[in-house]
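Visitor: I would like to learn how to read a few features of a protein model. Please take me through them one at a time.

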Amino acid sequence: MTSRILILDCGSQFTQLIARRVREARVYSEIHPPTRSLQWIRDWKPTGIILSGGPNSVTDEGAPNFDTGILDIAPLLGVCYGLQWITHAEGGVVAAGGGREYGRAMVTVDEADGIFRGFAVGEETQVWMSHGDHVDEPPPGYVRTASSGGIVAGFRHATKPIHAIQFHSEVAHTVRGAEIIQNFLFDVCHAKPDWTPGSFIDLEVAKIRALVGDKKVICGLSGGVDSSVAAALVHKAIGDQLTCVFVDNGLLRLHEREQVERTMGEHLGIRLVTERAEERFLTALAGVDEPEAKRKAIGHAFIDVFEAATARAGEHAEFLVQGTLYPDVIESVSAKGGPSATIKTHHNVGGLKADMKFKLIEPLRELFKDEVRNVGRELGLPEEMVGRHPFPGPGLAIRVLGAVDQQKLDTLRAADAIYLEEIRSAGLYNEIWQAFAVFLPVRSVGVMGDGRTYENAIALRAVTSTDGMTADWYPFPYDVLARISGRIINEVKGVNRVVYDVSSKPPATIEWE
């Protein structure tokens, strides 16, 4: 790769989307905290630098700050907070409040060049705003390039390749946001679009070989896309040094174990050990009803099972492979140590034991789900595997709300299988990002066969998304919903009510726990 973009995370929940948009343009990018030194940035040799948005005012104590020398290292784009920091650093005035904007807004293009190449002067375009502070005039030496209701929506330096925008070009609601980012990449930074799934695989294979050497590696397979692609990638790098352990934890979808054994063992030729540990996980989860506690209990149990399985196999593995993705990281801890807020802990990020003996290998940690799928295809994984909906590491445990027991799991497993079967039969599976059933901790009155029932309720969830960072509920045809509901109530013992979740992310998350 000849080009790479450095993204400095000032705390925005959208920072990962900036990386996504850059990668969609086939340019490599990495996210790092704003605390990186000027010398570190110089040594990294970025083709361009992007300063993300963030929740702070530039004058707040502890707000992200940079050495002004960063303005002379490489072409630079400031987004939201980035624009305000440039203004403050260059002697301009950032006004607190008064010009706040949240949500969709219209921006007028004042200069059809640079990052606004291809626009027309005076053109109005829809963008996504999320700011409380604002800038009334560009700082000395800068030229306004866009405006919104009298405030500055964009500016550039008169002579240096420095640009800034007040809105979030990375968010889908900014209609021409991808175009703005590509203008920065190719017209301002002169980057080359040479980052592809193939180049990612080559890079990671080299890194894994250098890290592992002749040591043994163990990978925990969940049956989902992420762990399967991670296993295939590591296997390509080190071959038989890898042993995959598939844990049947009793929290899986219907026939999950059989499918994994068939695909990974027979199709890919990966050494696979299956561990039956259903009782162990149910014991660890007994009486646990708090979501974070569930995740940690499952994470700890996984590590215990891996250690025992490795010892029995005589492998003495030093490394553990996990299919951690970018959205997992940003919701658990700030990516690369930046100041983004934690939303929830993912078991394969924050649920690991502090004293576990394994060193982690997370080859997909910098990827979004669609990028993982493309890497899987490049590695030769079958479409039935790489095209599957996401499935959480904690499995059905976080889809049984409250305490988990065998009966609830069996009920949910049966309902979920019917749900997915009907979605596939209707030809809708590939239109949906993720679909699953949830066992609700409520019982309701119903009527079956002229008799009163007092039984369980199942919630159905289906969303559309491109990256898992934001999502909208899927508008099922009513006849499909009716067919799903009818089958679940008629075929799953103990269920007399089915409801459909029509909340988006945000404010809800995709999973219920």
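Guide: What follows covers cores, cysteines and strands.

Guide: This is a predicted model, where local features need pLDDT of at least 70, side-chain atom pairs count only at pLDDT 80 or more, and totals for chains, interfaces and linings use all residues. Residues are numbered from 1 along each chain as its sequence is written, and side-chain values use heavy atoms, with hydrogens and water left out.

Visitor: Which residues touch the most other members of the largest nonpolar core?

Guide: A nonpolar core is a set of buried Ala, Val, Leu, Ile, Met, Phe, Trp, Tyr and Cys residues joined through side-chain atoms within 4.5 Å. Buried means under 20% relative accessible area, exposed over 50%, partly exposed in between (1.4 Å probe, protein chains only). Here the largest core has 50 residues, and Phe 306, Tyr 419, Ile 423, Leu 460, Phe 476 and Ile 488 touch the most other members. Elements giving two or more residues include helix H9 (291-313), helix H14 (406-425) and strand S16 (451-464). H9 gives the most, eight residues. Helices (H or I, at least four residues) and strands (E, at least two) are DSSP runs, numbered from the N terminus.

Visitor: What is Phe 476 in contact with?

Guide: Contact means heavy atoms within 4.5 Å. Beyond four places in sequence, Phe 476 contacts Tyr 419, Ile 423, Leu 428, Ile 432, Ala 462, Leu 481 and Tyr 500. Another core lies apart from the largest one, with 38 residues, among them Cys 219, Val 260, Val 321 and Val 372.

Visitor: How many disulfides does a search of the whole structure find?

Guide: A disulfide is a covalent bond between the sulfur atoms of two cysteines. The test is a pair of cysteine sulfur atoms within 2.5 Å. The search finds zero. For Cys 10, the nearest cysteine sulfur is that of Cys 80, 9.8 Å away. Cys 10 is buried, at 1% relative accessible area.

Visitor: Which way do the side chains of strand S9 point?

Guide: In a regular strand the side chains alternate between the two faces of the sheet. In S9 (residues 162-165), Ile 162 and Ala 164 point one way, His 163 and Ile 165 the other, and all are buried.

Visitor: Which strands pair with S9?

Guide: Two strands pair if DSSP finds at least two bridges between them. Strand S4 (residues 76-79) pairs with S9 in the parallel sense over four bridges. Leu 76 stands opposite Ile 162. Strand S8 (residues 151-157) pairs with S9 in the antiparallel sense over three bridges. There, Arg 156 has His 163 as its bridge partner. A hairpin of four residues joins S8 to S9.
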